[in-house]
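Reader: I am new to this structure. Please show it to me, and let me ask about the terms as we go.

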Amino acid sequence: MTYPCPGDTSGVLWGSVIGIIGLLHLGLTGLAGALVWTSTPTIAPRPVKRPTPLPGETHRVFSYGTLQQPLVQESLFGDHVPTTPASLPGWRLDWVTITDPEVIRTSGSDRHPILRRGSQDDVVEGVALTLGYEWQLRAVDRYEVADYQRIRVTLASGWTAWVYVAADEA
């Protein structure tokens, strides 16, 4: 089939030109090249629209370690999540050696911080992650190994948040 290009007064029949270009492409690249050339989409896929979280369904998680890392957030949530600087009084940092290969691959280390109860003068600095969906909280639960237990705490700001502490301290 041939048709004129809108606005073109050259008299060239574009169906023929496209057919010749296709044959030329097939001759230069072979059948595999022609399949790739003809199957390449011309319109990019639409971005995924996530529903807006409903009020009251957000979860705050206090992070003092690997949950702050962009690659860990991308692995768990598919993107970065909103964070706000925060601190947690009455707790101190310790360290644990992780043996789960998936967690080590995701975080890039087998040495992770872990919270233990401290004195009233102890304060741990970190961030409050805002998770808009229950599945995000479940993803963090799966990421944190058995050494950690999730509990509710009150941050220095007065906000309540979930935090993962040493399981023997929960």
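Author: What follows explains some labels used for the aromatic rings and the core. This is a predicted model.

Reader: What makes Tyr 133 and Trp 135 an aromatic pair that is stacked?

Author: Two values decide. Ring centres must lie within 6.5 Å, and by this rule the count comes to two aromatic pairs. For Tyr 133 and Trp 135, the centres are 6.1 Å apart and the planes 20° apart. Planes under 30 degrees apart count as stacked, so this pair is called stacked.

Reader: Why is Tyr 133 called buried?

Author: Its relative accessible area is 18%. Buried means under 20%, so Tyr 133 is buried.

Reader: Why is Trp 135 called partly exposed?

Author: The relative accessible area of Trp 135 is 33%. That lies between the limits of 20% and 50%, so Trp 135 is partly exposed.

Reader: Where is Trp 135 found?

Author: Trp 135 is in helix 4, residues 134-143. Its C-alpha is 9.8 Å from that of Leu 76, though 59 residues separate them in sequence.

Reader: How do you know that the charged end of Arg 60 sits over the ring of Trp 159?

Author: The distance to the ring centre is 3.8 Å. The limit is 6 Å, with an angle within 35 degrees of the ring normal. Arg 152 also lies over a ring face, that of Trp 162, at 4.3 Å from the centre.

Reader: Which residues have the most contacts inside the largest nonpolar core?

Author: Phe 62 and Val 163, in a core of 35 residues. Strand 7, residues 160-166, gives the largest share of this core, six residues. Phe 62 touches, among others, Leu 88, Val 124, Trp 162 and Val 163.

Definitions and conventions:
Residues numbered from 1 in each chain as written. Predicted model: local features only at pLDDT ≥ 70, side-chain atom pairs only at ≥ 80, totals over all residues. Heavy atoms only, no water. Phe/Tyr/Trp six-rings, centres within 6.5 Å; stacked < 30°, edge-to-face > 60°. Buried < 20%, exposed > 50% of the residue type's maximum accessible area, 1.4 Å probe, protein only. Core = buried A, V, L, I, M, F, W, Y, C linked by side-chain atoms within 4.5 Å. Helix = DSSP H or I, 4+ residues; strand = E, 2+ residues; numbered from the N terminus. Contact = heavy atoms within 4.5 Å. Lists of a residue's contacts leave out its neighbours within four places in sequence.
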